[in-house]
Amino acid sequence: APTGINRLFHHEGERAVARAAAKAGTMYCLSTMSNVSIEEIGALTDSPKCFQVYIHRDRGLTREFVQRSKAAGYSSLCLTVDTLVAGNRERDLKTGMVMPPKLTLKSLASFALHWRWAFNYLTSEKFELANLVNNQRAGGEQLISVIDYVNSQFDPSITWTDVEDLIAQWNGPFAIKGIMSPADAIRAVDVGATAIFVSNHGGRQLDGAPSALECLTDIVDAVGDRAEVILDGGIRRGSHVLKALALGAKACSIGRGYLYPLAAGGEPGLTRALGRLRAEIERDMTLMGCDRLSKLDRTKLRATGLRFHPTGTVPSEDEVARPRVVA
């Protein structure tokens, strides 16, 4: 999945992620908010790559991203539609979360405790939003919070016509990320999208939104074979991938699932994590008696609608119908 400012996690940032994805034989999606440019990642590996774009208030900048992605050989474009304004990310509001990182007494203490990260940060290239270096406010020396950037630069008034125009500009495989309802999924396909990311933006936008997995089957049933449906978010184990594929997803997308191993061990850490994920998928398929992905369907899943009491008695129909709150 596209994730921004990867250099906050490791000094090699998006370069390490792109190389690890290529070695794993999987697609990498570069974020607009990356610390490495479209062109550099495009030339770094021969594996299929996607560029994730937002529609900016400056439509010329959005068109520029499309043209740069074409020139750099990206195989697909992904438009994120669930971040027209920044969510109420209280932790970011408390810390300031500015780009580049701001030196305060608290941050200096943290850097001192994590001296290896600090050394690599200070001895590596300048921190910048590489795709926005020509935009003085976003890519230059001025400190700006992620929330302020989103609210000042992203266009909250986009329409389906804008999406259709962007699809026409790209004229190739095109995904829309942030779809959570069958109606929007159908509309996305109608305007020309070839793939849909069922995603709630990692739970960082609208509080109380359902998980992507809860919305998956309704969207798969609505879209059918008209577009590829990709589950984004919540993937931590190989069994999670298999459940999503059995429900009808064509692929799964991970974000935090690669940022943690990137922070812990750079490219080698991420390569190890992806290898373990693949091993889990293969082992679990063997245990399920599936020797190919095409055998994964809803018959391989069992719904857990009934819960048994500790005494072993089955709850009554009234108890089953009542909503339950589990701490």
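Some ground rules come before the tour. Residues are numbered from 1 along each chain as its sequence is written, and side-chain values use heavy atoms, with hydrogens and water left out. Because this is a predicted model, local features need pLDDT of at least 70 and side-chain atom pairs count only at pLDDT 80 or more, while totals for chains, interfaces and linings use all residues.

So what is pLDDT? It is the predictor's confidence in each residue, from 0 to 100. The chain has a mean pLDDT of 87, with 88% of its residues at 70 or more. Residues 306-327 have a pLDDT below 50, and this stretch has 13 contacts in the model beyond near neighbours in sequence. By contact I mean heavy atoms within 4.5 Å.

Let's turn to a pair of helices. Helices here are DSSP runs of H or I with at least four residues, strands are runs of E with at least two, and both are numbered from the N terminus. Two packed helices are described by the angle between their axes and the distance between the axes. For α1 and α13, the angle is about 10° and the axes are 10 Å apart. The axes are lines fitted to C-alpha atoms, for helices over the stretch in contact, and angles run from 0 to 180 degrees between N-to-C directions. Angles under 35 degrees count as roughly parallel, over 145 as roughly antiparallel, 65 to 115 as roughly perpendicular and the rest as oblique. That is why α1 and α13 are called roughly parallel to each other. If you want to find where they meet, look in α1 for residues including Ala16, Val17 and Ala20, and in α13 for residues including Leu262, Leu270 and Leu274.

Side chains of opposite charge can pair when their charged atoms come close. The rule used here asks for a side-chain nitrogen of Lys or Arg within 4 Å of a carboxyl oxygen of Asp or Glu. How many salt bridges does a search of the whole structure find? The count is 16.

Arg19 and Glu267 form one of them, with their closest N and O atoms 2.6 Å apart. This pair links distant parts of the chain, since Arg19 sits in helix α1 (residues 13-24) and Glu267 in helix α13 (residues 256-288), 248 residues apart. Arg19 is partly exposed at 23% relative accessible area, whereas Glu267 is buried at 13%. The cut-offs, with a 1.4 Å probe and protein chains only, are under 20% for buried, over 50% for exposed, and in between for partly exposed. Arg19 and Glu267 are also linked with Glu12 and Lys23 in a network of salt bridges.

Here is another bridge to find on your screen: Asp155 with Arg59, at 2.4 Å from N to O. Asp155 lies in the loop between α8 (146-153) and α9 (160-170), Arg59 lies in helix α3 (residues 59-71), and they are 96 residues apart. Asp155 is buried at 10%, and Arg59 is partly exposed at 27%.

Now for the aromatic rings. Rings of Phe, Tyr and Trp (its six-membered ring) pair if their centres lie within 6.5 Å; planes under 30 degrees apart count as stacked, over 60 as edge-to-face and the rest as tilted. That rule gives five aromatic pairs. Trp117 and Tyr121 are stacked, 5.2 Å centre to centre with 5° between the planes. They sit four residues apart in helix α6 (residues 115-123), so they too are separated by about one helical turn. Tyr121 also pairs with Phe127 in a tilted arrangement, at 6.3 Å and 45°.

His201 is in the loop between β7 (195-198) and α11 (212-223). His201 counts as buried at 12%, and residues it touches include Tyr54, Asp82 and Lys177.

Terms used. Lists of a residue's contacts leave out its neighbours within four places in sequence.
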